[in-house]
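Hello,

Here is the structure I promised to pass along. Have a look at it first, and then read on for what turned up.

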Amino acid sequence: MARFWLCAGCTVFFLAFLNLHSRFSGSSVLREFIFQISWRSEEILYQLDVGWPKHSEYFTGATFCVAVDSLNGLLYIAQRGDNIQKVLVFTEDGYFLRAWNYTVDTPHGMFAASTLYEQSIWITDVGNGSFGHTIKKYNSLGDLVQVLGTPGKKGTGLNPLQFDNPAELYVEDTGDIYIVDGDGGLNNRLIKLSQDFMMLWLHGENGTGPAKFNIPHSVTVDSSGRVWVADRGNKRIQVFDKDTGVWLGAWNNCFTEEGPSSVRFTPDGKYLIVAQLNLSRLLFVAAPPVGSIGYCSVISSIQLADQVLPHLLDVSGKTGAIYVAEIGAKQVQKYVPLKS
């Protein structure tokens with residue numbers, strides 16, 4: 001028994017030494033070694049809800065995005081395909097409610113931004129038709145309420161505002177909007193708009209340096225006032241101050257194999273959930289304390305089947321359930337927190 005504890009202690013010491021050495025020496029090989037070992041002893045935080053949804057036959061296209069309206073217990077799903085309903089509405093319990101298709105061309109990302117007085121859903125549209133290259137706001141029944149961008153015309157302009165393949169958006173309770181514009185198009189931009197759609201700040205240059213992007217694909221905001229962007233082509237996550245737009249730092253040590261495609265926080269703010277599309281994997285990364293970005297530290301992961309391709313995800317603010325839009329499997333799956 002004494003030999004066991006001696007070996008265990010030596011192992012812990014060895015890993016701690018390697019971790020410190022890798023950080024101070026800049027060795028990517030050692031960091032990757034530590035990263036792989038940490039996965040072997042990871043926590044299990046979520047499990048698949050095998051009974052969700054109740055009616056999967058409504059998935060008739062490639063499911064690209066999902067948005068949770070936690071206030072009303074609704075789930076919106078957008079799919080692509082010919083002669084199908086583009087937007088599906090379910091309850092969080094998995095019961096199908098309705099579908100609609102009005103003015104939706106090629107959906108990419110979506111966000112539910114409901115209040116006590118209004119139920120709304122925003123959709124980014126990357127199509128080349130008459131409704132493409134826009135970000136549109138609908139009510140829960142699919143009636144078009146607001147259009148941002150120039151319908152059917154891609155561009156780089158700011159006045160009037162133009163998009164080219166806008167990837168996703170995040171809407172705060174204040175009404176402020178964060179947009180990542182550039183799923184392989186002309187733009188590589190992070191834009192913040194006020195609730196009346198005035199430009200507050202912008203980062204908009206292609207590149208690998210701080211505050212530059214290569215396919216900014218997903219955006220979210222934490223409770224500490226930090227904006228997190230999945231800079232997919234650069235294989236990193238960049239972080240900004242939400243009020244000033246100042247660059248705060250970046251994570252890249254967790255994404256040596258593939259960049260992040262989606263980012264969302266758990267309701268308690270403890271973990272950032274990251275989807276990696278081609279690896280068909282979900283990562284649960286420890287959220288850093290206020291005032292520090294630090295290193296990316298994977299606490300848990302979920303390895304999906306090959307070619308499932310998790311594109312974008314969303315999290316219920318009430319239950320903590322994760323809904324993952326899988327373009328390869330052409331479905332949405334639900335993962336629920338394990339009860340402690």
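Are Cys254 and Cys296 buried or exposed? Both Cys254 and Cys296 are buried. Please keep in mind that this is a predicted model.

These cysteines form a disulfide, with their sulfur atoms 2.1 Å apart, and the count for the structure is 1 disulfide. The bond joins distant parts of the chain, 42 residues apart: Cys254 sits in the loop between strand 17 and strand 18, while Cys296 is in the loop between strand 20 and strand 21. The disulfide is left-handed, because the torsion about its S-S bond is about -110°. Another cysteine, Cys65, has a relative accessibility of 1%, so it counts as buried.

Now to the aromatic rings. The structure has 14 aromatic pairs. One of them is Tyr46 with Phe284, a stacked pair with 5.2 Å from centre to centre and 15° between the planes. This pair, too, links distant parts of the chain: Tyr46 belongs to strand 1 and Phe284 to strand 20, 238 residues apart. Tyr46 is buried, at a relative accessible area of 11%, and Phe284 is also buried, at 1%.

Elsewhere, ring pairs connect Trp52, Tyr58, Phe59, Phe90, Phe96 and Tyr323 into a cluster.

Best wishes

Note on methods
Residues are numbered from 1 along each chain as its sequence is written. This is a predicted model: local features need pLDDT of at least 70, side-chain atom pairs count only at pLDDT 80 or more; totals for chains, interfaces and linings use all residues. Side-chain values use heavy atoms; hydrogens and water are left out. Rings of Phe, Tyr and Trp (its six-membered ring) pair if their centres lie within 6.5 Å; planes under 30 degrees apart count as stacked, over 60 as edge-to-face and the rest as tilted. Helices (H or I, at least four residues) and strands (E, at least two) are DSSP runs, numbered from the N terminus. Buried means under 20% relative accessible area, exposed over 50%, partly exposed in between (1.4 Å probe, protein chains only). A disulfide is a pair of cysteine sulfur atoms within 2.5 Å.
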